[in-house]
Amino acid sequence: MADEASAAGRLPINGLAARDGRSDIDAASKSPAPIDLDLPRLVADHAEVLYRYAFRLTGSVADAEDLTQQTFLIAHQKLSQVREPAGARGWLFAVLRRVYLKSQRKSRRLPLAGFSFEIESVPDEIVDQLVVDREVLQAAIDELPDPYKLVLMSYYFEDLSYREIADRFELPVGTVMSRLSRAKSHLRSRLFEPEVVAAGRHSQREQGQGGA
Amino acid sequence: MMERSELLEAMDACRPGSDDLRLPEMAPLADQLASDQVSSWTFSRIQRINRRIAATTREVPVPAGLAGRILASLQMTSENGPPVEVAPANVGDERPTPAPPDTSKRRRIGRRGWSIVAAAACLVAAFSIAFWPRPSELTRQQLLNDSSEWARQLWNGPTHWTALGAGERELPKYPLPVVLAASATYWADAGGMVDLNAVAYDLSSGGGPRAVLFVIREDEIDADATPPNSPQSSTGGLMIGCWQSQGLVYVLVVEGDERTYKSLLKPVPVRPFA
């Protein structure tokens, strides 16, 4: 995944040009001559990873497939922009993000408050036995506004460092760290809160039985 | 000792199994982990949780036939150029498709058919681009409606305001407009509210009315290029005006009346014959 990341180059999300990844797409074409990229090979090599990424962004099988298809349709038209085979995946990711952001104009808002969930309060056994529920995870990701979601996906999905993320999105490092932390805290609260509540009930029951 | 929020942000920024802790800005975290057992324990459990979330994030079942459908749609929309070879190099999840009989007549019809489909697709695409609403565009009205809520969230919620550094007038990527008569001392990340890259500058003067300027990195909006001389919205005791300049959208939200709003902006000369 890290190679995807390094190939992905910069995706500033400032302004529409940046938000839709135009400059990232441009960044994939640095060397002088276009190369001969084979589209079926490109689809065979990258369709699955792009679909997975698209699914995490959209949270829907149908939307993810549409997004992946649109990405390749645009790629088909603009393939001549890619001049480095190694940059193809990063370029496709940037196209996908651009298409995704273009399709979004929602106003999901991450409440400024509500991150009172303390990871220290989760009992060790719950952390040790955590099995991440895919649906709960996706629901939590879906709740995030795009600036948080894209930073979080760069971290989890592409394994980028906070510095690489800051560079890609042209954000101050502090902003990336803050968004990452808030987004992750949100995921943890969604993943652990039911467990913690259930464990609390269980322990209360045990205490009740012991006292009886 | 680092503050708790600072500590968690640093912990959350480190990728499990990486060298991130060795980066210079992580030195305070590394020191704290070495000297404080509780921090070290918290870091260890955050990293364990991170590993599991990262693994699950990447586990997405891919629907069967995806690559084939993509290639088919590419072929459908391929313009007059050479048709895209659908015979995949190795698409993995594809079932082998029996090849059609290779008669030259059928191939000619097929190509002509594809050309017609492609031309129709192009027409539809051109029509869509020209006439369909573009959902990514912010509208001025939307900004005016939403910004009062953003301002209230900033003022009434537990906003993390950061002081601008000594001699620092603004954030380099979010410059203040030259027409602004007030100065900012604090800023906050407003990306979560605006859903775009945005910051808010606190323009409130000590004891005076509250005022905030949102600077949003967005260039597709139907706003004027100069700040409106009078507020464009004045509901709920908030005077709001927005304008755009050089890829940035500015939204000024002021508590008070029109005079207070105007006091924060340098007068923009009105050209009578413009």
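Q: What is the hand of the crossing of α5(A) and α4(B)?
A: The crossing of α5(A) and α4(B) is right-handed. A crossing is left-handed if the near helix is turned anticlockwise from the far one by less than a right angle, and right-handed if clockwise. Helices (H or I, at least four residues) and strands (E, at least two) are DSSP runs, numbered from the N terminus. This is a predicted model, in which local features need pLDDT of at least 70 and side-chain atom pairs count only at pLDDT 80 or more, while totals for chains, interfaces and linings use all residues. Residues are numbered from 1 along each chain as its sequence is written, chains are lettered from A and ligands numbered from 1 in the order in which they are written, and side-chain values use heavy atoms, with hydrogens and water left out.

Q: Why is α5(A) called oblique to α4(B)?
A: Helix α5 (residues 61-78) of chain A and helix α4 (residues 66-77) of chain B pack at an angle of about 45°, their axes being 10 Å apart. Axes are lines fitted to C-alpha atoms, for helices over the stretch in contact, and angles run from 0 to 180 degrees between N-to-C directions. Angles under 35 degrees count as roughly parallel, over 145 as roughly antiparallel, 65 to 115 as roughly perpendicular and the rest as oblique. Therefore α5(A) is oblique to α4(B).

Q: Which residues of α5(A) and α4(B) make the contact?
A: Contact means heavy atoms within 4.5 Å. A:E65, A:T68, A:Q69, A:F72, A:L73 and A:H76 of α5(A) take part, with B:L66, B:R69, B:I70, B:S73, B:L74 and B:T77 of α4(B). By class, this contact has five nonpolar, five polar and two charged residues. Ala, Val, Leu, Ile, Met, Phe, Trp, Tyr, Cys and Pro count as nonpolar, Asp, Glu, Lys and Arg as charged, and the others, Gly among them, as polar.

Q: What makes α4(A) oblique to α4(B)?
A: Helix α4 (residues 39-58) of chain A packs against α4(B) at an angle of about 125°, with axes 9 Å apart. That angle makes α4(A) oblique to α4(B). The crossing is right-handed. The contact joins A:L39, A:P40, A:V43, A:A47 and A:Y51 of α4(A) to B:L66, B:A67, B:I70, B:L71 and B:L74 of α4(B). Its residues divide into 10 nonpolar, no polar and no charged.

Q: Why is α5(A) oblique to α6(A)?
A: The angle between α5(A) and helix α6 (residues 88-103) of chain A is about 120°, with axes 9 Å apart. Therefore α5(A) is oblique to α6(A). The crossing of α5(A) and α6(A) is right-handed.

Q: How many residues of each class are in the contact of α5(A) with α6(A)?
A: The contact has 10 nonpolar, two polar and two charged residues.
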